[in-house]
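Hi,

Here is the structure I said I would pass on. My notes on its pockets follow below.

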Amino acid sequence: MEDIRYDLVPPKGLEEVCKVLTSKLEKYNKNEWKFGLKWSDVLSSLKKHLSEFEQGHDFTESGLLNIAHVAMNSLILADFYSSYPYGDDRSMCPIKKPII
């Protein structure tokens, strides 16, 4: 693969994800997600916020974008694929996973 192009990441979208992560500091310790969560819990949160978005509810009660929550959960799952594969508790998880 060629050099990774970080300049292609949408800055406003990234800012919205950072707002969500910052809001989590009111309830959780900094970077607590890095110590592992069940993948199914992250997936459940992703689906909840996606459903809210699909139903036309753009913002959470705290004023954050539901779609930013979806993006945050997606990024965490993408990170877990290499950093926390043993947290994969999906009911239909693949038998063999490629090593990243």
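The second largest pocket holds about 200 Å³ of space. By pocket I mean, on a 1 Å grid over the protein atoms alone, an open set of points where a 1.4 Å probe fits, with protein on both sides within 12 Å along at least five of seven lines; lining residues have an atom within 4 Å of a point. Points are joined across faces, edges and corners, and a volume is the space filled by probe spheres set on them.

This is a predicted model, where local features need pLDDT of at least 70 and side-chain atom pairs count only at pLDDT 80 or more, while totals for chains, interfaces and linings use all residues. Residues are numbered from 1 along each chain as its sequence is written, and side-chain values use heavy atoms, without hydrogens and water.

Lining that second pocket are Ile4, Arg5, Tyr6, Val9, Pro10, Gly13, Leu14, Val17, Ala71 and Leu75. H1 gives the most, three residues; helices here are DSSP runs (H or I, at least four residues), numbered from the N terminus. By class the lining has eight nonpolar, one polar and one charged residues, with Ala, Val, Leu, Ile, Met, Phe, Trp, Tyr, Cys and Pro as nonpolar, Asp, Glu, Lys and Arg as charged, and the others, Gly among them, as polar.

The largest pocket has a volume of about 870 Å³. Of its 27 lining residues, Lys24, Lys27, Tyr28, His69 and Met72 are the closest to the centre. H2 (39–54) supplies the largest share, six residues. The classes there are nine nonpolar, 10 polar and eight charged.

Best wishes

Conventions: Helices (H or I, at least four residues) and strands (E, at least two) are DSSP runs, numbered from the N terminus.
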